[in-house]
Amino acid sequence: MLTYTYVSKGTFALMEKPKPVLLEDRDAIVKVTLASICSSDLHIKHGSVPRAVPGITVGHEMVGVVEQVGSAVTNVKPGDRVTVNVETFCGECFFCKKGFVNNCTDKNGGWALGCRIDGGQAEYVRVPFADQGLNKIPDSVTDRQALLVGDVLATGYWAAQISRITSEDTVLILGAGPTGICTLLCVMLQKPKRIIVCEKDESRLQFICQHYPQVLTVIPERCEDFVMENSDHGGADVVLEVAGADSTFRMAWQCARPNAIVTVVALYDKPQTLPLPEMYGKNLTFKTGGVDGCNCAETLELIREGKIDTEPLITHTYPLSRIQEAYDLFESKRDGVIKVAVEC
């Protein structure tokens with residue numbers, strides 16, 4: 001089968017590999033119909049994910065059709081259309097039982113697909129712990145509508161959940177890339193008093209203004225002053241940092257009011273500094289880490305009900321045979337790209 005594979009730092013390549021087979025009784029084999037490209041794939045390409053294994057098929061955003069299941073799988077069956085979760089989790093360990101599935105203690109727990117084991121930018125993928133990692137797509141929901149459920153939408157939903165947003169809050173979101181927009185969609189479900197999105201890319205600001213006109217937008221150079229002018233208590237009540245740029249961690253806590261929540265969703269290329277003397281007295285609560293993506297059934301239902309629509313984020317579509325072109329487009333942020341669908 002055709003796969004897109006991590007060869008070495010800086011190099012991905014299309015190559016043929018054998019079709020995957022069941023290795024454990026809780027596995028499933030999924031025929032991938034649509035995949036997508038994530039910024040985390042770019043982090044692997046550039047060597048920013050040390051645990052990523054050269055030789056693995058990349059890709060952790062995908063939907064498909066179940067082709068085969070192990071003897072212990074009960075929640076899905078061959079023929080089911082499914083989303084694939086970015087995380088592998090057993091559902092039985094201490095962390096899984098508490099909903100902290102990113103920290104599953106299994107050897108393949110957390111982000112494994114497309115990082116430590118073969119992922120889904122391919123014609124087929126083996127999914128461990130299929131009962132946890134696969135969710136059936138409702139009949140009225142298309143593959144394109146469901147494509148982002150397992151990763152960027154899961155991240156946005158998790159980020160909004162842990163930020164404890166209330167109806168009185170001013171919420172600042174730093175970054176309007178795919179994860180930032182998914183975070184915005186999930187923050188909107190909480191109905192805060194106002195939402196501000198900060199983004200430097202003009203085309204992405206235009207996308208926000210076109211699709212979500214009720215949301216305030218600002219460029220980074222004006223962000224702190226704009227937030228002070230458009231908040232009630234000297235800064236945002238909740239800040240979600242989804243950009244991961246060199247300057248945005250500092251911007252996040254500077255734009256927060258005293259006793260605010262700062263949720264760090266971004267994955268950085270290098271360590272960030274926590275300047276405690278400067279922050280003394282702000283009494284901020286920081287929430288950080290990888291997504292606990294165990295709410296995909298809920299987000300699929302929200303999509304079915306018309307309460308979340310991520311399809312507008314898919315701006316370009318390529319066949320798997322032209323995935324290198326898709327990567328070049330996505331990485332260079334040309335032509336107003338937000339997300340790319342890859343037909344497998």
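Asn 85 touches Leu 113, Gly 133, Gly 150, Gly 293, Cys 294 and Cys 296, leaving out residues up to four places away in sequence; touching, or contact, means heavy atoms within 4.5 Å. The model you are looking at is predicted, so local features need pLDDT of at least 70 and side-chain atom pairs count only at pLDDT 80 or more, while totals for chains, interfaces and linings use all residues. Residues are numbered from 1 along each chain as its sequence is written, and side-chain values use heavy atoms, with hydrogens and water left out.

Let us stay with Asn 85 for a moment. Asn 85 lies in the loop between β5 (81-84) and β6 (87-88). Such labels come from DSSP runs, with helices (H or I) of at least four residues and strands (E) of at least two, numbered from the N terminus. With a relative accessible area of 2%, Asn 85 is buried; buried means under 20% relative accessible area, exposed over 50%, and partly exposed in between, using a 1.4 Å probe and protein chains only. The side chain of Asn 85 reaches the backbone nitrogen of Glu 87 at 2.8 Å, and a polar atom of that side chain lies 2.3 Å from the backbone oxygen of Gly 293. A polar contact is a pair of N or O atoms within 3.5 Å; within protein, one must be able to donate a hydrogen and the other to accept it, and residues adjacent in sequence count only if both atoms are side-chain atoms.

Ser 231 counts as buried, at 12% relative accessibility. A polar atom of its side chain lies 2.6 Å from the backbone oxygen of Val 227, and the side chain of Ser 231 also reaches the backbone nitrogen of Gly 235 at 3.2 Å. Apart from neighbours within four places in sequence, Ser 231 is in contact with Thr 170, Arg 194 and Ala 236.

From that loop we can walk on into the strands. Strand β13 (residues 236-241) runs parallel to β14, and five bridges join them; two strands pair if DSSP finds at least two bridges between them. Within β14, Thr 263 stands opposite Leu 240. Together, β13, helix α9 (residues 248-254) and β14 make a right-handed β-α-β unit. A crossover is right-handed if, with the strands pointing away from the viewer, the path from the first strand over the helix to the second runs clockwise. On to the next partner: β14 pairs with strand β15 (residues 285-288) in the parallel sense over four bridges, and Val 264 has Thr 288 in β15 as its bridge partner.

How many of the nine residues of strand β14 (residues 256-264) are buried? Seven of the nine are, and the strand is mostly covered. Asn 259, in strand β14, is partly exposed at 48% relative accessibility. Asn 259 also has a positive phi of about 65° although it is not a glycine. Lys 333 has a positive phi too, of about 55°, and is not a glycine either; Lys 333 is found in the loop between α12 and β17 (339-343).

Thr 183 has its place in helix α6 (residues 178-189) and is buried, with a relative accessible area of 0%. The C-alpha atoms of Thr 183 and Val 152 are separated by 8.1 Å, and the two residues are 31 apart along the chain.

Now for the rings. The structure holds eight aromatic pairs. Rings of Phe, Tyr and Trp (its six-membered ring) pair if their centres lie within 6.5 Å; planes under 30 degrees apart count as stacked, over 60 as edge-to-face and the rest as tilted. One of the pairs joins Phe 12 and Tyr 327 edge-to-face, at 5.6 Å centre to centre with 85° between the planes. Phe 12 lies in strand β2 (residues 11-16) and Tyr 327 in helix α12 (residues 323-332), so this pair ties together parts that are 315 residues apart in sequence. Phe 12 is buried, with a relative accessible area of 7%, and Tyr 327 is buried at 0%. Tyr 4, Tyr 6, Phe 12 and Tyr 327 form one aromatic cluster.
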